[in-house]
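Dear colleague,

Please find below the structure that I am handing over to you. My findings follow it, arranged from the whole chain down to single residues.

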Amino acid sequence: ALSILPGQRLPYESLPALRDRMADIAPHLALLQPEVAVQPASTEMATLALDAATQTAKPSSAPLVSAVTNFYMTDAVSRASTTMAKCTQVFGTRV
């Protein structure tokens with residue numbers, strides 16, 4: 001398990017055991033319908049994803065840049081609002 005790496009081993013040895021414990025703590029999490037419940041990924045797929053990520057991802061010294069140019073218009077309610085549209089015209093797209 002991944003918890004071994006930082007030296008804090010968890011008492012769960014399988015995904016079903018973890019889900020059972022989560023259901024004990026928060027019963028509403030166990031109320032999901034089977035057809036909408038998230039299916040567990042295989043160990044092989046996780047390994048492939050980690051391998052691909054470590055091979056292609058290169059550290060960069062470039063600063064992180066937000067893809068959001070107008071924070072105040074990122075949700076549907078604000079985009080539908082004439083008041084928010086007027087505010088955006090007056091104040092611009094400052095974040």
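**Overview of the model**

Of the 95 residues of the protein, 6% count as buried. Please bear in mind that the model is predicted. Its mean pLDDT is 76, and 76% of the residues reach 70 or more. Among the helices, helix 2 has the lowest confidence, with a mean of 71, whereas helix 3 has the highest, at 87.

The protein contains four helices and zero strands. Read from the N terminus, the order of elements is therefore written α-α-α-α. The protein exposes about 8,600 Å², and 65% of this area is supplied by carbon and sulfur atoms.

**A nonpolar patch on the surface**

Which residues form a nonpolar patch on the surface? They are Leu15, Leu18, Met22 and Leu29, which together have about 300 Å² of accessible area. Leucine 29 is located in the loop between helix 1 (15-25) and helix 2 (43-56). With a relative accessible area of 43%, leucine 29 is partly exposed, because that class covers values between the 20% limit for buried and the 50% limit for exposed.

**Serine 78 in helix 3**

Serine 78 belongs to helix 3, which spans residues 76-80. Is serine 78 buried or exposed? Its relative accessibility is 12%, so serine 78 counts as buried, the cut-off being under 20%. The side chain of serine 78 also makes a polar contact, at 2.9 Å, with the side chain of aspartate 75. Leaving aside residues up to four places away in sequence, serine 78 touches Tyr72, Met73 and Met84.

Helix 4 comprises residues 82-91. How many of its ten residues are buried? The count is one, and the helix is thus described as hardly covered. At the N-terminal end, helix 4 is capped by serine 81, with a side-chain oxygen 3.3 Å from the backbone nitrogen of threonine 83. After helix 4 comes glycine 92, which has a positive phi, near 75°.

With kind regards

How values were computed:
Residues numbered from 1 in each chain as written. Predicted model: local features only at pLDDT ≥ 70, side-chain atom pairs only at ≥ 80, totals over all residues. Heavy atoms only, no water. Helix = DSSP H or I, 4+ residues; strand = E, 2+ residues; numbered from the N terminus. Buried < 20%, exposed > 50% of the residue type's maximum accessible area, 1.4 Å probe, protein only. Polar contact = N/O pair within 3.5 Å; in protein donor to acceptor, adjacent residues only side chain to side chain. Contact = heavy atoms within 4.5 Å. Patch = residues over 30% accessible without salt bridge, like charges linked within 9 Å, V, L, I, M, F, W, Y side chains within 5 Å. Areas by Shrake-Rupley, 256 points an atom, 1.4 Å probe, with all protein chains shown as cover. Salt bridge = Lys/Arg side-chain N within 4 Å of Asp/Glu carboxyl O. pLDDT = per-residue confidence, 0-100.
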